[in-house]
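Let's take a friendly walk through a protein model together. Have a look at the picture below, then read on.

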Amino acid sequence: MSPLAWTAKQRLERALAFAALVLVVVWPLGLSPYWSHEILLETFLFGIAASSLVFLSAYGGMVSLAQTALFGIAGVIVGNLATPRRRSWWRS
């Protein structure tokens, strides 16, 4: 499909997608590693989880909370693995 045949809505969608792509490429260059690695990655992971629910409910016609449950369980596991273990009070 030629870009000349795009409707106004298609032009707007593609312009927003291009702007988001430019932002993703330029963002890590100007921000600290914390923002570029932690915040941006977490935002993308939440977006993937949300888009999977939207895909299932809108296009599939079904509501499933399995993705959300697995996302939450994975978050708890990663949080437990990423934090350093403190010594217990009974093991001094």
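## The overall fold

The chain has 3 helices and 0 strands, and from the N terminus on its elements run α-α-α. Helices (H or I, at least four residues) and strands (E, at least two) are DSSP runs, numbered from the N terminus.

This is a predicted model, in which local features need pLDDT of at least 70 and side-chain atom pairs count only at pLDDT 80 or more, while totals for chains, interfaces and linings use all residues. Residues are numbered from 1 along each chain as its sequence is written, and side-chain values use heavy atoms, with hydrogens and water left out.

## How confident is the prediction?

The predictor's confidence in each residue, from 0 to 100, is called pLDDT. Its average over the chain is 79, and 91% of the residues score at least 70. Confidence is highest in helix H1 (residues 8–30), at a mean of 87, and lowest in H2, at 78. Where pLDDT is low, the predicted coordinates should not be read in detail.

## Shape and surface

The chain has a radius of gyration of 20 Å, whereas a compact globule of 92 residues would have one near 12 Å. This radius is taken over C-alpha atoms, and the globule rule is 2.2 Å times the number of residues to the power 0.38. The C-alpha atoms fill a box of roughly 75 × 40 × 15 Å along the principal axes.

Of the 92 residues, 4% are buried. The C-alpha atoms of Ala 17 and Tyr 59 are separated by 21 Å.

## The largest pocket

A pocket is an open set of points on a 1 Å grid over the protein atoms alone, where a 1.4 Å probe fits, with protein on both sides within 12 Å along at least five of seven lines; lining residues have an atom within 4 Å of a point. Helix H2 (33–59) and helix H3 (66–82) each supply at least two lining residues of the largest pocket. The largest share, 6 residues, comes from H2. Among the lining residues are His 37, Phe 46 and Phe 71.

Conventions:
Buried < 20%, exposed > 50% of the residue type's maximum accessible area, 1.4 Å probe, protein only.
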